[in-house]
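Here's a quick briefing to read with the model open beside you. Take the topics in order, or jump to whichever one you like.

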Amino acid sequence: MASRPPVDAGEVVKVHIDTPGPAGMGLAHWEDYVIYVRNGVVGQTHQVKIRHAGRTYAEGDIVG
């Protein structure tokens with residue numbers, strides 16, 4: 001049985017970018033779940049709106 005992701009599309013979460021990701025994205029973790037953040041900068045904390053939430057990772061955009 002597949003587990004449900006800890007975030008949903010449309011949800012806003014506060015994350016800390018801890019690793020550079022592919023194609024200009026920053027990589028953050030939320031409860032051991034990977035979130036790719038468009039234009040995320042390593043070392044910064046952002047409010048991120050989730051635009052896609054999959055079983056193993058999510059993608060989001062910085063808001064505010």
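Buried means under 20% relative accessible area, exposed means over 50%, and partly exposed covers what is in between (1.4 Å probe, protein chains only). Keep in mind that this is a predicted model, where local features need pLDDT of at least 70, side-chain atom pairs count only at pLDDT 80 or more, and totals for chains, interfaces and linings use all residues. Residues are numbered from 1 along each chain as its sequence is written, and side-chain values use heavy atoms, with hydrogens and water left out.

**The overall picture**

- The chain has five strands and zero helices; here helices (H or I, at least four residues) and strands (E, at least two) are DSSP runs, numbered from the N terminus.
- Reading along the sequence gives the pattern β-β-β-β-β.
- The C-alpha trace spans about 35 × 20 × 20 Å along its principal axes.
- A compact globule of 64 residues would have a radius of gyration near 11 Å, and the chain agrees, with 11 Å. That radius is taken over C-alpha atoms, and the globule rule is 2.2 Å times the number of residues to the power 0.38.
- Of the 64 residues in the chain, 30% are buried.
- Take the contacts (heavy atoms within 4.5 Å) between residues at least 6 apart in sequence: 40% of them join residues at least 24 apart.

**The nonpolar core**

- A nonpolar core is a set of buried Ala, Val, Leu, Ile, Met, Phe, Trp, Tyr and Cys residues joined through side-chain atoms within 4.5 Å.
- The largest one here has eleven residues: V7, V13, V15, I17, A28, Y33, I35, V37, V48, I50 and A58.
- Strands β1 (12-20), β3 (33-38) and β4 (45-53) each put at least two residues into this core.
- Leaving out residues up to four places away in sequence, A58 touches V7, Y33, V34, I35, Y36, I50, H52 and A53.

- Look for G60 in strand β5 (residues 57-62). G60 counts as buried because its relative accessibility is 0%.
- Beyond its neighbours within four places in sequence, G60 is in contact with Y36, V37, R38, V48, K49, I50 and R51.
- From G60 to M25 is 35 residues in sequence, and the C-alpha to C-alpha distance is 9.6 Å.
- H46 sits in strand β4, and with 14% relative accessibility H46 counts as buried.
- The side chains of H46 and Q44 make a polar contact at 3.1 Å. A polar contact is a pair of N or O atoms within 3.5 Å; within protein, one must be able to donate a hydrogen and the other to accept it, and residues adjacent in sequence count only if both atoms are side-chain atoms.
- Not counting residues up to four places away, H46 also touches V13, K14, V15, I17, V41 and I62.

**The aromatic pair**

- How many aromatic pairs does a search of the whole structure find? The search turns up one.
- Rings of Phe, Tyr and Trp (its six-membered ring) pair if their centres lie within 6.5 Å; planes under 30 degrees apart count as stacked, over 60 as edge-to-face and the rest as tilted.
- The rings of Y36 and Y57 have centres 5.6 Å apart and planes at 80 degrees, so this pair is edge-to-face.
- Y36 lies in strand β3 and Y57 in strand β5, so the pair ties together parts that are 21 residues apart in sequence.
- Y36 is partly exposed at 22% relative accessibility, and Y57 is partly exposed at 31%.

**Outside the strands**

- E11 belongs to the segment before β1 and is partly exposed, at 29% relative accessibility.
- The side chain of E11 reaches the backbone nitrogen of D8 at 2.9 Å.
- E31, in the loop between β2 (25-30) and β3, has a positive phi of about 50 degrees although it is not a glycine. E31 is exposed, with a relative accessible area of 62%.
- N39, in the loop between β3 and β4, isn't a glycine but has a positive phi of about 65 degrees. N39 is exposed, with a relative accessible area of 56%.
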